[in-house]
Structure formats: C-alpha cells, structure tokens
Amino acid sequence: MAEAHQAVAFQFTITPDGIDLQLSHQALRQVYLSGLRSWKKRVVRLKNNVITGVYPASPSSWLFVVVAILATMYTRSDPSMGLIAKIQEHLPVSDSLSMQCRTVVSAVLFSTVLWLSLIFTMRLCLKQLLSYHGWMFEQHGKVSNTTKIWAVSTSNTLKHTLPTVIQSVIIIKCTRFQAMVRIFSGRQPLLYSYQGSLPNLPVPAVKDTVKRYLESARPLMSNAEYERMVTLAKDFESSLGNRLQWYLKLKAMWASNYVSDWWEEYIYLRGRSPIMVNSNYYGMDFLYVTPTPIQAARAGNTLHACLLYRRKLNREEIKPSRVPGLNIPLCAAQCERIFNTTRIPGEETDSLVHWQDSEYVAVFHRGRYFRLWLYHAGRILSPREIEHQIQRILDDMSPPAPGEAKLAALTAGDRIPWAQARKEFFGAGVNKRSLDCIEKAAFFVSLDDDEQGMMGDDPAGNLDRYAKSLLHGRCYDRWFDKSFTVVVYKNGKNGLNAEHSWADAPIMAHLWEYVMTTDCFQLGYNEEGHCKGEVDSSLPRPQRLTWDIPEQCQERVEQSLAVAQALADDIDFHVFPLEDFGKGAIKKCKISPDAFIQIALQLAYYRNRGTFSLTYEASMTRLFREGRTETVRSCTSESCAFVRALEDGESKEVCRRLFRSASERHQQLYRLAMTGAGIDRHLFCLYIVSKYLGEESPFLKEVLSETWRLSTSQTPLQQVELFDFVNHPDYTTCGGGFGPVADDGYGVSYIIIGENMINFHISSKYSCPQTDSHLFGAQIRQAMMDLLQLMSPDKTDLSKPQQNHSQKPKSKKDL
C-alpha cells in the first residue's frame, strides 16, 4: 500500500519562478501509517523470537534468577561455589569498575549462564519426554508401567482418543505425565514454542523396513512374484542397503528432518507435469448453508477472516496443534508459508518463494487482474470495506487486454513451457511488474460468475460440479502457483484451491475452519445480506494490472490451456455425504472409525475391480520436527482375508474375527507410520542416496515404480470447538478432495463430521474404462452399510436416520 501512496505524495510543476514542490499531506500520512504498521510487525516478530527462543522459560525468569543470585550473595553465601569470583578476576574491564560493580556484573553473567543452562536442561528433558511414543501402542486395559509413569494428564481419569485416523481408545488414570510436561513446558506456549523441543525423525533399520515392505507386498503378488521380490530384498539388505543407510544416518544427525527437504524437492518441485489436478487440492464451503447470496459480501467476510488468521499467525497467537486428548505438541513449521508464498517455475525444478509481508491480494474477475489493498491507514479494512472494494471490481466493465483473459493457464499446464515463457516474456517491463504483483500477493482471489453448491433440481450432480470447479475451474481462472486461491461464486458460495508443495492439507484445513466459522458466527451479515460496518469514503479504488502480451506469448498460453483442459475434462468427480450413520455408530462397534472406513474401501475396490490394489493412506509425522507425511499401506493380508471371507459367504463369526484382526493390523500400521517407523519415506530417501552415489538398486527401482491405484486421505476436523453440530447441524463442513494419482485408479478423500456423518470425495479419469467415480461411490456406501450390519451388536440398529438436506440447500433467507 505504501508504494501506491508514494506515487502521489510528491508533486511538482515547473513555473517561471522555478520548481513548485507540492506535498500531499494525506498521502504522506498514509505512507507514515503503513510504515508504522510494518515496524510494529517487526517489533512483534522480534519479541516472539525472543520468547520462543528461551521457551520453556520466559524472559522475565531471567530477572528472577539474577535477583535470586544477588539476594543470596547479599546474605554472604556463594551459590556459584567460586565461579562468580573467577568471572570477576577475568573481566576485561575490571580496572575501570569498582569492586561492587565488578561483583554485580559477575553475578549477572553467572546468572545468565545458569539461566541458559536451565533452559537447555528443560528443553532436553521435554525433548526426551516427547520422544517416547509407547503410549500410542498401548492396548485398552493393558497399560504398561512405563506409560503410566510417562503418560497421563490431570486429576481426572482421561479417556484418550487418538487422532481419528487411529481411534484406539486408551484409558489411563491421571498421574504424572501432564505434570511433567507442564513443569518442563513452563508458561503458555506460542505457536512455535515447541519447535526446538520436538525430536528428530528417526531412521528405521533397513532390515525392519524391508521386512515391513515384504509383508505389505505379500497379498498383492503371486507366489513366484513374491519369491523374486524376497530375493531382491535380501540382496539389497545385505549389500547396498547398509551403505546407503550410513549416508542417511549421517544426514539425520545433521539435518532437522532427513525426509522433508528431499520430499518437497523431488516429489513436488521437480515434477514437470501440471500441478493442477495432479498436485493441487481443494476445500469446500458449508454443505447445506450459504450465509449470504451476495458475492461481494461473502468475499468481504472471507478475506477479512483470512487476514485475522494471518494476524494471529504473525503474532503466534494460534495455539500449537496437539494430539487430541493429550498434551503432545505437533510441529508447526508448515504454518510459516501459508501466506505471501508462491511457487516459481523453473526448467529443471521449481522453487518456493516466501515474502515476510504483503498488504494486498491479487483478484481475478472476467479475465482481468486487480490489486486490492487490504490495509488503509495502517489498519485492516473492515468486512464492509472489503465488500465495497470487491463490488467495485464486479462493477468494472472494462474488457481484458489482449492475452490477459487466459494468462493463468500458464500455471495450469506443463511446468517447462511456463518457465520458458516466464523468462522470455515476463522478465522486464510492465509484465514483470504485474506478475510480481500477483506472486507477492498475500493470496489469490477468484470472483467466479458461476453458481455452485448443493442446489437446484440436481443437488448431487451440482455437488460434483462444485468439486470439479474448485479443483480446476476453467483452467485459467485460478493462479495455481499461489499458496492458495480463494474462490467466491456468484451465489455467495466459496471454496479454495491450494498448492501442495509448501504444506499438507491439515495446515490449510486449520485456516479454512477458522475462516468459515469466523465468517458466520463472529462477523455475520445484516438483514440484507451485506457485511456489517461502515465504509471509509477515502479508500482508493482497486488497481487494474496492465499487461503487454505479444502474440508469441499468447500462443504459449493457448498451448498450456489445451494441455490443462484435456486434463480437466478427463476428471470424473463424485462427492456425497454419508448420512446413514457416522463415527458414533462405528465406535459402538468398538472399531476404529478410520480402520472401519479403510477396510470398507478395500471391500468396495474388490467389488469394483475384482482384485486388490496397492493402497496409499496419508498419515502425518508431525510428532517430529519438520515432519510432513508417511504412507500407511492399507491393503494388508488381514484385510484381504476378511474381504474374501465376506464375499465367499463365510459365517458371521468368522468374518467378525477376521475384521477385527484387519482393524488391529491397520491401527498398528498407522501407529508405526506416525512414530517414524513407516516404509515408504525411508525407501524413498535410500533411493535418493543411491542416485547421488550413482548406484543402481533393482529392489529400490521396483518398489519406487509401484502404482498407487487407490490413494486415500482423511481430512481431520481439527478445531471441533468452533463447530456446534447440535445447535447448528446445517453448518456442516464438506471437507475437500484431490485428483486421482494413477490414470487407472481412484483418489478418495473423506472427512468425519460429528457423530453421524462422513463426507466422501472420489476422483478418477473418464479415459479409463475400468473406473467410474459414481459407481465406486455407490459401492463404498454399500460396503459401509454391510460392515455396520456385520459388526453391530445383535438386535441393535446403530444407524441413525438423518434429515434429508439434499433437496433444498439453505441460504440466509432460510435460516
């Protein structure tokens, strides 16, 4: 904002009497206030860095230690056992100070060293506490003494539910752990306070990883194929594997996380295919409620809520994420790049660029780009002011410049053509300035002329189209390189599209949960559906970005659009809410909800394809510093045995026993993945080391080339306290989804809502005759019902009839 006002702050004219310099005091005031806000942010950032740097102590505790040492010395005691005297002897300025000053300075220096030593000791103790993960493997009613000593909470008996993905209930009498963590955690932590105390991700033993891999591969291979793979695995384990492992352990000792930097670079940034559909993912609005039908008003509240979240993020006022039910912190490193971040294309590899601050967003509407300042006079614009500015953009009838309308298709196509075009056509002049404006924006906003949501005479079909719109749109109305794009539709529905390389979906989901609930329950709308508040009449109009796109560049845009459009047209999407039952009914069966869903997916896939497939389920490794994800191979020998038994008509008792065995196996695999003992990230890093060394491994090459035909992920609801499904059941988040990983496979995302709903997002490709997202969705629904019927206690109906929301989605007038 400051640079815009600087342009008009100074004006001069040449007169016969010389140069007449004129100053715009209002503009100078805006520059001053904007700069003042920037300096306030720097002070807050410096303050937070100091507080986080000394955590779990506080800066004020230093003064307490100093006063305590000086008070002890005043009583003629020496708590330093002679060290203060030694320091006093070696003070470089001792000759210029009095004896009393030298004593005080020496005592302060000793106190500071003692204080820092205490901080280091407390951090080390906290790190050791957080390195213990045995609590995750405890069985209900069989808690070890080690875990009893380590792991518990307050004065009440804690019924701990692990993350929804595990859902293994551990009931432990509250004894010591919470007290220990509180002792070593000190005061109320900031967002990044725990970062220095989180343990590093451990490197599993090669023999353990190979063993677990072979166990995962067994149900998917014939006897001959399995024996061949066993031979390759043993050769690798006894020869090249140990050498690669040595380098990997060396990296793990040096780096804070031995996986994450390589994962970001080689899985995301070095990919040369389109990131649209293949990498980016989306998040939806409320399923049944549209708070206002006014597009500009919805944008006003949504953008303001995003800025409120960013302010909390900058001040580190967001509470550190924890394992639900326990005082176990999760890594928050990914939060740093939510805003002001862009993926920059390169010919060999892309790069992520993050700016410390940005006071505006880039807005796309009907083929035009605008810069919308979100701060004025050093303050955030109110929702009503943002609505006013958005309405100005909507009312602007100016046509796009030649080549401007579909420019964003460059971000949707292959990466190499985009990198070449960026270097050739956007390296200088007006194009560079406008591109810089987009890339340095806080985030991107797309004002869509379409109406979306679960509405009309075909709510189910419209929900599918809503998902496709968020995933790829028209291929030129989202800036897919930005960390995220907020999409606001003509009827007031909204959503987001997020780039994947900088962070994983739970980070964006945390932001989006805050934005949705703040929009509806805190900011709200007036009776006419407009944002609340007043408008400052002195607000400058949004700035239209200008371009000079030559014909050669326009040809590149059309080529990228053709690639992206072919990819988008091939995506078959199906979204449906399962309202017949939910987590509550599953828990009554004493089964992990995530294991229940994953086994249902195995059953549905078997019915769909007549075979089993390598299955990817994403789990998090944020118990460790800079942790991201690990893979749970959900297709196991136990799940396959259960599915075959059920389909072959075995007795209910046999099927129940096999189902519980498959569920327990799945939970065990999830725990291993979360605690750093997974399979795929370790093998991936060994493969990267082998490439650096120029060594070929038939075993690693074959493992890394396997196809994930069933790729799944759960979007956990993290801030349950923000939603009230009892009093506001219609304010149900729909979650989000992603595109298929394999051309002949399915992508399945699901979110568990409250006790009585599970939303599914299913993707596949039309070009594959063996896949059908709608058919697979019906088979998932049937598999879920069949499993519930199988596992429900006799003569008990655990399903809960739900109100039919699908016929008439609500708007503000219906509330």
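How are helix 12 and helix 13 oriented to each other? The close-up views below, taken from a predicted model, begin with this pair.

**View 1. Helix 12 packs against helix 13.** Helix 12 spans residues 295-314 and helix 13 spans residues 383-395. Their axes lie 7 Å apart and meet at an angle of about 130°. The two helices are therefore oblique to each other. The crossing of helix 12 past helix 13 is right-handed.

**View 2. Helix 5 comprises 33 residues.** This helix runs from residue 99 to residue 131. Several of its residues are buried, among them Arg102, Phe110, Trp115 and Ile119. Towards the end of the numbering, Leu126, Leu129 and Leu130 are buried as well.

**View 3. Strand 5 is joined by bridges to strand 15 and to strand 21.** Strand 5 covers residues 281-284, with Tyr281 and Gly283 pointing one way and Tyr282 and Met284 the other way. All of these residues are buried. Strand 15 (residues 494-498) runs antiparallel to strand 5 and is joined to it by four bridges. Within strand 15, glycine 495 is the bridge partner of methionine 284. Strand 21 (residues 736-738) is also antiparallel to strand 5, with three bridges between them. Here glycine 737 of strand 21 is the bridge partner of tyrosine 282.

View 4. Strand 18 (residues 615-620) pairs with strand 19 in the antiparallel sense over five bridges. In this pairing, glutamate 617 is placed opposite valine 632 of strand 19.

**View 5. Cysteine 640 takes part in no disulfide.** A disulfide is a covalent bond between the sulfur atoms of two cysteines. The structure holds zero disulfides. For cysteine 640, the nearest cysteine sulfur belongs to cysteine 635 and is 3.6 Å away, whereas the cut-off for a disulfide is within 2.5 Å. Cysteine 640 is buried, with a relative accessible area of 1%. Cysteine 589 is buried too, its relative accessible area being 2%.

Methods
Residues are numbered from 1 along each chain as its sequence is written. This is a predicted model: local features need pLDDT of at least 70, side-chain atom pairs count only at pLDDT 80 or more; totals for chains, interfaces and linings use all residues. Side-chain values use heavy atoms; hydrogens and water are left out. The expected span of a helix is 1.5 Å times one less than its number of residues. Buried means under 20% relative accessible area, exposed over 50%, partly exposed in between (1.4 Å probe, protein chains only). Two strands pair if DSSP finds at least two bridges between them. Axes are lines fitted to C-alpha atoms, for helices over the stretch in contact, and angles run from 0 to 180 degrees between N-to-C directions. Angles under 35 degrees count as roughly parallel, over 145 as roughly antiparallel, 65 to 115 as roughly perpendicular and the rest as oblique. A crossing is left-handed if the near helix is turned anticlockwise from the far one by less than a right angle, and right-handed if clockwise.
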